[in-house]
Amino acid sequence: MRSGLSISKLGIVAALSLSGVLWAQTPAQQTNKPTGAAKAESAPAPVHDITGVWMMRNPPGSQRGFTNYTFTKDPPELTPWAQAKYAEAKASNGGEFTLKTTNDPVLTKCDPPGVPRVYFHPYPFEFVHTPKYTLMLYEYDHMVRRIYTDGRPIPKDPDLLWMGTSVGHWDGDTTFVVDTVGFNDKTWLDRLGHPHSDQLHVIERFRRVNFDHLEMDISMEDPKALVKPWTTTFYYQLRPNWELGEISCSGDYLDFSNFEK
């Protein structure tokens with residue numbers, strides 16, 4: 001069983017740099033099931049239920065290395081305002097900037113990653129359903145989202161938060177749709193530094209293909225930053241024997257001297 005481990009943010013930085021390796025593992029490394037047509041062998045998806053721990057798992061043979069750091073192979077079309085903001089970003093994952101010279105707010109200030117950047121951290125997340133809301137628990141830095149399912153509308157004048165305010169509903173038996181608004185503008189959309197404003201609206205469609213596999217369609221709309229919606233699909237696999245660990249923003253995370261040697 002995958003048990004929880006407490007590690008420092010220095011370890012998190014190292015894990016982020018190795019995320020491509022983690023996500024590129026073979027089915028034999030990631031699951032006890034035999035390799036092959038895993039989707040075809042899985043049981044049907046349950047109705048109105050995405051409970052469980054999920055881990056990113058790109059389809060075998062797919063060329064999706066960009067999912068380590070951004071949403072699509074081609075960059076989004078930015079407004080002039082966003083282009084100017086993007087030019088100020090000093091992302092460390094491309095090698096141009098080191099961990100000492102980056103201005104990535106997650107790495108330099110321990111800022112929450114926000115949504116949807118949180119999906120680039122190579123750690124699992126868990127869904128927990130309740131009668132009034134669904135909890136989304138991320139292993140990374142104890143991030144928690146409460147997705148309201150009591151029929152309330154998206155707020156028209158939301159507080160500006162790191163993870164936004166989310167409402168959800170079911171579309172059919174197996175697709176959970178989440179609308180999120182009310183973001184502050186302190187986070188990046190991805191690890192490359194693509195910016196957003198407080199007008200960002202994120203729509204996530206979690207589609208449970210079968211018992212073991214989940215597909216997440218993401219659409220980002222932001223009239224101040226994006227010329228048109230930025231969309232993508234990420235893929236996840238159920239980890240029924242995993243438990244979320246403890247990843248905290250503490251310790252020697254901001255001391256990069258040993259990591260750089």
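Figure 1. Strand E8 (residues 201-208) pairs with E9 in the antiparallel sense over 8 bridges; two strands count as paired if DSSP finds at least two bridges between them. The model is predicted, with local features requiring pLDDT of at least 70 and side-chain atom pairs counted only at pLDDT 80 or more, whereas totals for chains, interfaces and linings use all residues. Residues are numbered from 1 along each chain as its sequence is written, and side-chain values use heavy atoms, with hydrogens and water left out. Helices (H or I, at least four residues) and strands (E, at least two) are DSSP runs numbered from the N terminus. Arginine 207 has glutamate 215 in E9 as its bridge partner. E8 and E9 form a hairpin with 4 residues between them. On the other pairing shown here, E9 and E10 are antiparallel over 8 bridges, and aspartate 217 has threonine 233 in E10 as its bridge partner. Of the 9 residues of E9, 7 are buried, so this strand is largely enclosed by the rest of the structure; buried means under 20% relative accessible area, exposed over 50%, and partly exposed in between (1.4 Å probe, protein chains only).

**Figure 2. The closed barrel and the pairing of E2 with E3.** The barrel is closed by 9 strands in the order E2-E3-E4-E5-E6-E7-E8-E9-E10, with mixed pairing. Neighbouring strands of this sheet are turned against each other by 30 degrees on average, direction ignored; the axes are lines fitted to C-alpha atoms, for helices over the stretch in contact, and angles run from 0 to 180 degrees between N-to-C directions. Strands of a sheet pair through backbone hydrogen bonds, either parallel or antiparallel. Strand E2 (residues 52-56) and strand E3 (residues 125-129) pair in the antiparallel sense over 3 bridges. Within this pair of strands, valine 53 has glutamate 126 in E3 as its bridge partner.

Figure 3. The structure holds 1 cavity of 30 Å³ or more. On a 1 Å grid over the protein atoms alone, a cavity is a set of points where a 1.4 Å probe fits but cannot get out, and lining residues have an atom within 4 Å of a point. About 100 Å³ of space lies in the largest cavity, where grid points are joined across faces, edges and corners and the volume is the space filled by probe spheres set on the points. The lining comprises 15 residues, of which Val118, Tyr119, His121, Tyr123 and Phe125 are the closest to the cavity centre. E2 gives the most to this lining, with 3 residues. By class, the lining divides into 13 nonpolar, 1 polar and 1 charged residue; Ala, Val, Leu, Ile, Met, Phe, Trp, Tyr, Cys and Pro count as nonpolar, Asp, Glu, Lys and Arg as charged, and the others, Gly among them, as polar.

**Figure 4. Aromatic contacts.** The structure holds 13 aromatic pairs. Rings of Phe, Tyr and Trp (its six-membered ring) pair if their centres lie within 6.5 Å; planes under 30 degrees apart count as stacked, over 60 as edge-to-face and the rest as tilted. The rings of tyrosine 123 and tyrosine 140 have centres 6.4 Å apart and planes at 20 degrees, so this pair is stacked. Tyrosine 123 lies in the loop between helix H6 (105-109) and E3, and tyrosine 140 in the loop between strand E4 (133-138) and strand E5 (144-148), so the pair ties together parts that are 17 residues apart in sequence. Both tyrosine 123 and tyrosine 140 are buried. For phenylalanine 125 and phenylalanine 127, the ring centres are 5.6 Å apart and the planes stand at 85 degrees, so the pair is edge-to-face. Both phenylalanine 125 and phenylalanine 127 are buried. One aromatic cluster is formed by Tyr119, Phe125, Phe127, Tyr138, Phe206 and Tyr236.

**Figure 5. Backbone features in the loops.** Most residues other than glycine have a negative phi, and most peptide bonds are trans. The peptide bond from valine 115 to proline 116 is cis, with omega near 10 degrees, and proline 116 lies in the loop between H6 and E3. Histidine 48, although not a glycine, has a positive phi of about 50 degrees; its place is in the loop between helix H4 (38-41) and E2. Histidine 48 is partly exposed, with a relative accessible area of 39%. Histidine 142, in the loop between E4 and E5, has a positive phi near 60 degrees and counts as partly exposed at 42% relative accessibility.

Notes. 1 Å grid on protein atoms, 1.4 Å probe; cavity = no way out; pocket = protein on both sides within 12 Å on 5 of 7 lines; lining within 4 Å.
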